Amino acid sequence: MIVVAGEALIDLVPQGTSALAPLRPALGGGPYNTAVALGRLGSPTAFCSRLSLDAFGEALLERLREAGVDVSTVQRGPEPTTLAVASVGADGSASYSFYVEGTADRLFTAPSALPVGSRAVSFGTCSLVLEPGASAYERLLRDSAARGVFTALDPNIRAGLIPDPDAYRARFKSWLPSVSLLKLSAEDAEWLGGTPRDWLAAGPSAVVITQGGDGLTAYTRDGGVYTVPGERIRVVDTIGAGDTVNAALLHGLAVRNALGDREVAALGPQGWTDLLGFAARAAAVTCSRAGAEPPYSHEVAG
């Protein structure tokens with residue numbers, strides 16, 4: 001079982017270039033997309049979050065079930081669902097503004113235990129920024145690591161939600177001793193400061209940096225650097241691409257029985273090249289269609 005902990009929300013995606021273009025609601029949120037992608041790839045997955053009892057919350061829950069995701073650790077509440085208004089650039093890249101005050105996912109409380117058989121737990125995005133939920137997710141991260149569970153972190157920076165960047169950067173560094181796999185975009189890395197070697201020295205067994213169409217690079221604690229190019233496709237938009245990479249990495253490690261620091265260290269050049277290539281193919285499928293629509297296992301076979 002891979003547990004994904006974090007927010008689920010509704011992306012409002014403009015259907016045109018005007019500031020007043022109609023908005024199409026789409027199910028989203030970085031951790032949510034990661035959970036759906038893991039389920040579609042065939043990994044036993046559970047989602048750990050708090051969802052609204054409103055119609056959006058019901059739709060979010062239904063899609064998780066359709067993807068085969070265990071929702072027994074999903075908390076519910078009467079608060080509204082978080083909204084993210086997306087803006088898609090000419091190159092397909094997406095930026096967001098958020099409506100988060102008083103929403104359900106901010107009131108998440110840490111569970112007393114993860115589901116039986118949990119081998120890994122993944123964190124990231126807004127859920128580690130917005131209090132009081134952020135402190136609850138942080139506690140779950142530290143407790144999971146202390147119990148020997150493989151932990152993954154995708155900061156997925158949303159700068160507009162971070163009122164004190166220096167305080168967040170310090171908090172990010174404090175998480176690293178509890179992180180097994182750190183995945184982040186090149187833009188996230190630049191915003192956070194530091195280098196893969198700095199972060200590896202603080203705790204993770206591996207750091208994976210995505211560079212959009214230019215591919216992915218993994219850095220390992222033993223000095224390894226492994227790069228694969230991106231897949232050449234016609235990009236519709238990049239919504240959910242990084243979340244798909246996150247899921248593909250975790251799924252790939254799981255099928256290799258490598259959800260552990262020692263096993264990650266033993267992957268070697270061919271293991272990393274294969275894993276990164278799989279993640280690049282999965283992200284390309286997501287980018288080839290509108291919205292966060294991650295692939296099913298048969299779409300990225302090979």
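1. Two residues are in contact when they have heavy atoms within 4.5 Å. With that in hand, take the contacts in the protein chain between residues at least 6 apart in sequence: 68% of them join residues at least 24 apart.

2. A word on what you're looking at: this is a predicted model, where local features need pLDDT of at least 70, side-chain atom pairs count only at pLDDT 80 or more, and totals for chains, interfaces and linings use all residues. Residues are numbered from 1 along each chain as its sequence is written, and side-chain values use heavy atoms, with hydrogens and water left out.

3. Now the overall picture. The protein chain has nine helices and 13 strands; helices (H or I, at least four residues) and strands (E, at least two) are DSSP runs, numbered from the N terminus. The C-alpha trace spans about 50 × 45 × 40 Å along its principal axes. For 302 residues, a compact globule would have a radius of gyration near 19 Å, and the chain's 18 Å agrees with that. (That radius is taken over C-alpha atoms, and the globule rule is 2.2 Å times the number of residues to the power 0.38.)

4. How much of the chain is buried? Buried residues make up 57% of the 302. Here buried means under 20% relative accessible area, exposed over 50%, and partly exposed in between, with a 1.4 Å probe and protein chains only.

5. Have a look at strand 9 (residues 150–154). Why is strand 9 largely enclosed by the rest of the structure? Because five of its five residues are buried. F150, A152 and D154 point one way, while T151 and L153 point the other way.

6. Strand 8 (residues 120–124) runs parallel to strand 9 and is joined to it by five bridges, with V121 standing opposite T151. Strand 10 (residues 181–185) is also parallel to strand 9, through two bridges, and L182 is the bridge partner of L153.

7. Follow the chain between these strands. Strand 8, helix 3 (residues 133–146) and strand 9 make a right-handed β-α-β unit, and so do strand 9, helix 4 (residues 165–175) and strand 10. A crossover is right-handed if, with the strands pointing away from the viewer, the path from the first strand over the helix to the second runs clockwise.

8. Just after the helix, G148 takes a positive phi of about 85°.

9. Helix 1 (residues 30–41) is mostly covered, with twelve of its twelve residues buried. Helix 1 reaches 16 Å from first C-alpha to last, close to the 16 Å expected. G42 follows helix 1 and has a positive phi, near 105°.

10. Last, L12 in strand 2 (residues 9–14). L12 is buried, with a relative accessible area of 15%. Leaving aside neighbours within four places in sequence, its contacts include L23, P25, L83 and V85.

Conventions: Pairing = 2+ DSSP bridges. Expected span 1.5 Å × (residues − 1).
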